[in-house]
Amino acid sequence: MPGLNVAPPDFGNDRMVMRLETGFAADVEEIAPVVERVMAVAGTLSFPEEKQAEIGLALQEALANAVIHGCKRDRSKMVYCWVASDPLGNLVIVVRDSGPGFDPAAVPKPNIGEGLYADHGRGIFMIGRLMDDVRFAREGTELHMRKDNRH
């Protein structure tokens, strides 16, 4: 598979095997095909259906955030997605956008205080609940998500 013309993320583990690299113009219409490709990878790693659904939902939200909030739907900007697995079949997905970044700690929690009344801002919280590990890098332009393949 040919590589992208951008530096790949640091997966923090030299035993990771790259399964998918893709990039697309920041357009919401481009999200579903990427989700389908990533779900095909998850299927080859024998994730149970429930975990596949969690991966798909978290990825869809992450890509939508990258397109809508990170890139402001500017088709001249790019969103990138890398998918890798370790020898145990655990999945790591990295989504990077070309936007200015943000401070994830500044996003109000949607389940307390002012977040209860907001009409947005639940995506990051939801991703954190669906995936086993979530962290941001590159000043908030890169989201790392891990799903463990424990049955």
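Two strands pair if DSSP finds at least two bridges between them, and strands themselves are DSSP runs of E with at least two residues, while helices are runs of H or I with at least four, all numbered from the N terminus. With that in hand, welcome to the tour.

The model is predicted, so to speak of local features requires pLDDT of at least 70 and side-chain atom pairs count only at pLDDT 80 or more, whereas totals for chains, interfaces and linings use all residues. Residues are numbered from 1 along each chain as its sequence is written, and side-chain values use heavy atoms, with hydrogens and water left out.

**Stop 1: the whole chain.** Colour by secondary structure to find three helices and five strands, arranged along the sequence as β-α-α-β-β-α-β-β. Of the 151 residues, 44% are buried, where buried means under 20% relative accessible area, exposed over 50% and partly exposed in between, with a 1.4 Å probe and protein chains only.

Stop 2: Select the five strands, which form an open antiparallel sheet in the order S1-S2-S3-S5-S4. At its edges sit S1 (17–25) and S4 (133–137), each pairing on one side only. From one strand to the next, the twist averages 15°. Now zoom in on S1 and S2 (residues 78–85), an antiparallel pair joined over eight bridges. Which residue of S2 is the bridge partner of Ala-25? Pick Met-78 to see that partner.

**Stop 3: the helix across the sheet.** Show H2 (residues 49–70). This helix lies across S1, S2, S3 (91–97) and S5 (142–147), and runs at about 15° to S3; axes are lines fitted to C-alpha atoms, for helices over the stretch in contact, with angles from 0 to 180 degrees between N-to-C directions.

**Stop 4: Ala-58.** Stay in H2 and select Ala-58. Is Ala-58 buried or exposed? Ala-58 is buried, because its relative accessible area is 0%. Leaving out residues up to four places away in sequence, Ala-58 touches Ile-127, Leu-130, Met-131 and Met-145; contact means heavy atoms within 4.5 Å.

Stop 5: A search of the whole structure finds zero disulfides, meaning pairs of cysteine sulfur atoms within 2.5 Å.
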